[in-house]
Amino acid sequence: LSKKIQAIYLWWHKPVIDQELLQSLPNLRVIANSGVGMDHLDLKLVASFGVKMANAPRAVSSSTADTGMALLLASARRLVEVYHIAISSSMDYCEADILGVEVAGATLGIIGMGSIGYKIALRAKAFEMNILYHNRTQRKAQEEQAVGATYCKKIDSLLQQADFVMVVVSLTPQTHNLIGERELELMKPTATLINISRGAVVDQEALVTALQTGVIRAAALDVTHPEPLPRDHPLLKLKNVIITPHLGIKTDKATYMITEEAVENILAALNGLPIPNEVLPS
């Protein structure tokens, strides 16, 4: 069938797009990704075969923002810990040992204010949070005012002020290990790190040390590196960590919308029309 295939729809990074596969599909014209992140693709390699690429940014923003806020709230109120207490046979606990932290009035620092980051800001505003953000470019004044967000040109300023730091950036060579030992040391000892971007954006060894030594209060991670983590990884043994298996876009509605968006991109490419969400190699 290799000569008949003109399009690939990538779901959860499958199939793996490498040189061997590209050479075996002489009539391939487009690769449509199920989601926004393209770090699993060698964009220059794909482009060298004359194949166009597209992602699905519109469909994923709301569901991913919901995941970010769910992790923030679950960590703040220690939901995983108290769930295990609630279902234990003894229900033996001291109330002082399960105190959480207030979300209302706390400061949320959003690193990466794209469509997902902005929707997180909208949700955080409803929870009466103070919002800081760091981004390559500053949002328009009216967009900032709509969510009450303050721009931090330097990431250090955000890290020093935030009670919750939410990472929402794409994985690139520039963002690999964006949050490392230095950045964690800048955060408040009462702060929580939430990562809904890619695992490799955070230096996991530095994070383990920071969590074990009280440099920061807690972490809530929807992404790790690798995924899943080895079963003996120290992050899996810490009480002040919540880890979910990359839930970001996993809702029935988002899955349907992603597929629709991918089909729209594929049909445009096959019909010689502009691809709505074409991704070009940088």
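In this predicted model, 8 residues of domain 1 touch 5 residues of domain 2, where contact means heavy atoms within 4.5 Å. Residues are numbered from 1 along each chain as its sequence is written, and side-chain values use heavy atoms, with hydrogens and water left out. Local features need pLDDT of at least 70 and side-chain atom pairs count only at pLDDT 80 or more, while totals for chains, interfaces and linings use all residues.

So what are these two parts? Domain 1 takes in residues 2-59 + 250-279, and domain 2 takes in 61-89 + 99-243; the bounds come from an automatic or database domain assignment. Their centres, taken over C-alpha atoms, sit 30 Å apart. Together the two domains bury about 520 Å², with 41% of that on carbon and sulfur atoms. Buried area here is the accessible area (1.4 Å probe) that two parts lose on being put together, summed over both.

The interface also has 1 salt bridge, meaning a side-chain nitrogen of Lys or Arg within 4 Å of a carboxyl oxygen of Asp or Glu. Asp-39 pairs up with Arg-198 in a salt bridge whose closest N and O atoms are 3.0 Å apart. On the side of domain 1 that touches domain 2, helix α3 (residues 57-76) gives the most, with 3 residues. Helices (H or I, at least four residues) and strands (E, at least two) are DSSP runs, numbered from the N terminus. Sorted by class, that side of domain 1 has 4 nonpolar, 2 polar and 2 charged residues. Ala, Val, Leu, Ile, Met, Phe, Trp, Tyr, Cys and Pro count as nonpolar, Asp, Glu, Lys and Arg as charged, and the others, Gly among them, as polar.

Now for the backbone. Most residues other than glycine have a negative phi, and most peptide bonds are trans. The bond from Lys-14 to Pro-15, though, is cis, with omega near -5 degrees, and Pro-15 lies in the loop between β1 (7-10) and α1 (19-24). Another cis bond runs from His-225 to Pro-226, with omega near 0 degrees; Pro-226 belongs to the loop between β9 (218-221) and β10 (241-243). Arg-78 has a positive phi, near 55 degrees, and is placed in the loop between α3 and α4 (79-87). Met-91 has a positive phi too, near 50 degrees, in the loop between α4 and β4 (107-111).
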